[in-house]
Amino acid sequence: MEIQTKKFAVLIDADNSSIHAISSVLEEVAKYGIASVKRVYGDWSSEALKRWREVLLPHAITPVQQFAYTKGKDATDMILIIDAMDLLYAGALDGFCIVSSDSDFTPLASRIRENGLIVYGFGRKTTPEPFKKACDKFISIENLVVEEKDESKQNFSDEKTLDVKEIIKGEVIEKDLSKQQIDKATLNLIYKAVKDNSDDSGWAYLGLVGAYINAVKPDFDTRNYGHDKLSGLVKALGVFETKLQGSQMYLRKSSFSSFIKLVQKAIYSHSDQNDWVNIQDIMKYLEKTDLNVRNYEEAIESIHSGWLEFKLVGKKKFVKVNKVMA
């Protein structure tokens with residue numbers, strides 16, 4: 001069965017978009033389908049948009065001229081919306097990609113979705129929430145620009161955090177490339193996604209979890225937390241067990257009591273009389289299970305001394321069971 005490639009219209013608001021991000025935006029759009037229509041809107045007689053001409057021809061983007069007839073009124077928004085409605089009713093597209101950080105396009109995104117088409121939004125992280133929520137998925141252009149800069153720095157041997165200055169709409173923005181810690185609200189959303197899509201054993205298919213999260217939070221992007229894919233973020237969090245069935249990943253929330261029991265079982269497997277066991281042996285045992293823990297040694301040491309007892313001999317750490325967890 002032949003898979004039908006989706007066709008999109010990429011509509012760019014030149015007044016509220018970055019020329020530096022357009023290449024990355026179009027590459028991102030290519031992940032979802034074909035950019036059948038590519039148009040950028042603005043007053044091309046303005047000096048402010050002069051540099052846009054550099055990206056129009058290489059990317060086959062059609063410029064649409066709109067003079068600012070009245071000061072204080074954004075005529076560019078109006079012509080973009082009119083064009084979008086014409087394209088919508090022509091019925092030849094599967095969705096729209098609106099490139100802007102302007103919340104004025106919120107009604108447009110909602111109207112397109114009412115007709116059953118997909119809407120991807122591209123804008124700065126500071127884009128107002130109403131526009132983000134009106135899209136099926138909202139992608140921050142800072143993430144796309146950072147990816148390009150990361151690739152240009154592959155030959156750097158210094159792994160220290162770098163500060164990158166990005167020029168977006170004439171503003172200089174400081175960007176920290178270090179992984180951002182996930183916020184509590186997003187972590188709780190992931191927990192809920194796993195819970196609502198899990199089977200009787202607590203396992204949830206990663207694809208369903210991702211779809212659930214994007215439906216609730218359209219601007220969710222794993223690149224905000226330093227990971228290209230949701231699977232990488234899930235593993236890095238260290239609070240979920242993961243397993244593979246074929247090429248499909250499943251996850252469930254780790255139970256700390258189950259982890260304690262497993263550690264105690266590992267200790268007994270290395271000592272018939274509950275003698276001291278090298279913690280490295282326990283770590284090797286756990287690594288062979290279907291657990292996915294970010295730092296096994298740290299996790300073992302976090303178990304309260306009521307259950308385990310620890311001692312240090314030279315530079316080696318040893319552990320034994322202090323009280324059996326039933």
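What share of the contacts in the chain with a separation of 6 or more comes from residues 24 or more positions apart? That share is 57%, where contact means heavy atoms within 4.5 Å.

Some ground rules before we click on anything. This is a predicted model, in which local features need pLDDT of at least 70 and side-chain atom pairs count only at pLDDT 80 or more, while totals for chains, interfaces and linings use all residues. Residues are numbered from 1 along each chain as its sequence is written, and side-chain values use heavy atoms, with hydrogens and water left out.

**The whole chain**

Colour by secondary structure and you get twelve helices and 14 strands; these are DSSP runs numbered from the N terminus, with helices being H or I of at least four residues and strands E of at least two. Of the 326 residues, 42% count as buried. Here buried means under 20% relative accessible area, exposed means over 50%, and partly exposed is in between (1.4 Å probe, protein chains only). The chain exposes about 18200 Å², and carbon and sulfur atoms supply 50% of that; the areas come from the Shrake-Rupley method with a 1.4 Å probe, and for residues only the protein chains shown count as cover.

Select Asp-13, in strand β1 (residues 7–13). Asp-13 is buried, with a relative accessible area of 0%. Leaving aside neighbours within four places in sequence, its contacts include Tyr-41, Asp-77, Asp-102 and Phe-105.

Next, pick Ile-139 in strand β6 (residues 137–140). Ile-139 is also a buried residue, at 0% relative accessibility. Not counting residues up to four places away in sequence, Ile-139 touches Glu-28, Tyr-32, Tyr-120 and Arg-223, among others. Draw a C-alpha to C-alpha line from Ile-139 to Asn-224: they are 85 residues apart in sequence and 10.0 Å apart in space.

**Aromatic stops**

Show the rings of Phe, Tyr and Trp (its six-membered ring): they pair if their centres lie within 6.5 Å, with planes under 30 degrees apart counted as stacked, over 60 as edge-to-face and the rest as tilted. The structure holds six aromatic pairs. Take Phe-131 and Phe-138: their ring centres are 6.1 Å apart and their planes stand at 80°, so this pair is edge-to-face. Phe-131 and Phe-138 are both buried.

Now move to Tyr-205 and Tyr-250, with centres 5.6 Å apart and planes at 45°, so the pair is tilted. Tyr-205 sits in strand β9 (residues 204–205) and Tyr-250 in strand β11 (residues 248–253), so the pair ties together parts 45 residues apart in sequence. Tyr-205 is partly exposed at 30% relative accessible area, whereas Tyr-250 counts as buried at 17%.

While the rings are showing, select Phe-8, Tyr-32 and Tyr-120, which form one aromatic cluster.

**A hairpin and the helix against it**

Strands pair if DSSP finds at least two bridges between them. Leu-244 stands opposite Met-249 in β11. Two residues separate the strands of this hairpin, where Gly-246 takes a positive phi near 70°.

Now select helix α9 (residues 230–237), in which Leu-230, Leu-233, Val-234 and Leu-237 are buried. Look down the axis of α9: the buried residues fall within an arc of 100°, so they line one face of the helix. (The arc is that of the directions from the helix axis to the C-beta atoms.) Those residues pack against α7 (184–196), α8 (206–216), β10 and β11. Just after α9, Gly-238 takes a positive phi of about 70°.

**Last stops**

Which strand order does the open sheet of three strands have? The order is β12-β14-β13, with antiparallel pairing. Its edge strands are β12 (277–278) and β13 (308–313), each pairing on one side only. Six bridges link β13 with strand β14 (residues 316–321), and Phe-310 has Val-319 in β14 as its bridge partner.

Finish on Ala-60, in the loop between α2 (53–56) and β3 (62–65). Its phi is near 55°, a positive value in a residue other than glycine, and Ala-60 counts as exposed at 53% relative accessibility.
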